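Here is my note for a colleague who is starting out with structures of this kind. Please keep the sequence and the model in view while reading the points below.

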Amino acid sequence: MKFFVDTAEIADIREMAATGLLDGVTTNPSLVAKSGKHFLELIAEICDVVEGPVSAEVTSPDAETMLKEGLKLSKIASNVCVKLPLTKDGLYVCKKLTDQGIKTNVTLCFSPAQAILAAKAGATYVSPFVGRVDDIGSDGMQLIADIVQIYKNYEHFKTEVLVASVRGPSHVVAAAKLGAHVATMPPSVIKSLLNHPLTDKGLASFTSDWAKTGQSIL
Ligand code: E4P
């Protein structure tokens with residue numbers, strides 16, 4: 001399973017990249033607004049830090065402008081992945097960009113039917129939002145299960161399932177059990193994957209017992 005970090009904070013991205021466990025980055029207009037940075041400069045900066053795909057989202061609703069935005073974003077760096085909304089115009093632009101060999105991430109996916117359309121449009125990734133589905137009382141992980149199952153039925157569907165709106169480790173584990181290709185997570189969730197009280201307790205006792213030996217490995 002690939003791990004992407006879902007943030008526009010460059011310090012967080014640098015910290016995650018330094019772990020060697022980071023495969024890519026996703027941003028969205030809300031995260032960019034929160035960062036206070038100039039969007040195009042920020043994407044260039046992120047692409048310098050991370051080798052894997054960096055999702056940068058278009059902001060215009062109509063296909064003509066969206067296509068121009070997507071082409072402009074794709075020229076920032078070879079690892080830019082153009083993020084497009086799951087709308088009629090977004091899918092049209094997805095097909096156009098895919099035909100030119102540009103990576104795409106079709107976002108705001110909330111149903112298996114929408115995910116089928118994203119695959120037919122040739123999206124590199126589809127982003128179903130598990131947390132936001134859970135928030136309205138539905139089952140976000142069932143959405144992932146449905147999409148993974150459907151995609152497996154069709155060899156020519158090459159789209160990867162990028163689990164988004166991830167709120168905690170249980171989402172990540174459940175998505176991995178289903179075989180989802182990627183999870184994008186806020187830095188706090190990536191860090192929380194590491195934590196277990198028995199690891200801390202076990203390490204403390206190994207450290208104190210080792211000290212009693214008076215030895216040193218080096
Ligand atoms: C995905 O690409 C989105 O940026 C993100 O996962 C949305 O998460 P949220 O529902 O926590 O805003």
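1. A residue is called buried under 20% relative accessible area, exposed over 50%, and partly exposed in between (1.4 Å probe, protein chains only). Trp210, at 38% relative accessibility, therefore counts as partly exposed. Trp210 belongs to helix α11, which covers residues 197-213, where helices are DSSP runs of H or I with at least four residues, numbered from the N terminus.

2. The model is predicted, so local features need pLDDT of at least 70 and side-chain atom pairs count only at pLDDT 80 or more, while totals for chains, interfaces and linings use all residues. Residues are numbered from 1 along each chain as its sequence is written, and side-chain values use heavy atoms, leaving out hydrogens and water.

3. Around the ligand (a heavy atom within 4 Å) are several residues, among them Thr26, Asn28, Phe129 and Ser165. Polar contacts are pairs of N or O atoms within 3.5 Å. An oxygen atom of the ligand lies 2.8 Å from a side-chain N or O atom of Asp6, one lies 2.6 Å from such an atom of Lys83, and a polar side-chain atom of Arg132 is 2.7 Å from a ligand oxygen. Taken alone, the ligand exposes 340 Å², of which the protein buries 84%; these areas come from the Shrake-Rupley method with a 1.4 Å probe.

4. In helix α9 (residues 169-178), the buried residues are His171, Val172 and Ala175. Viewed down the axis of α9, these buried residues fall within an arc of 100°, so they line one face of the helix; the arc is taken from the directions from the helix axis to the C-beta atoms. The face of α9 turned away from the buried side carries exposed Ser170 and Lys177.

Definitions and conventions: Helix = DSSP H or I, 4+ residues; strand = E, 2+ residues; numbered from the N terminus. Polar contact = N/O pair within 3.5 Å; in protein donor to acceptor, adjacent residues only side chain to side chain.
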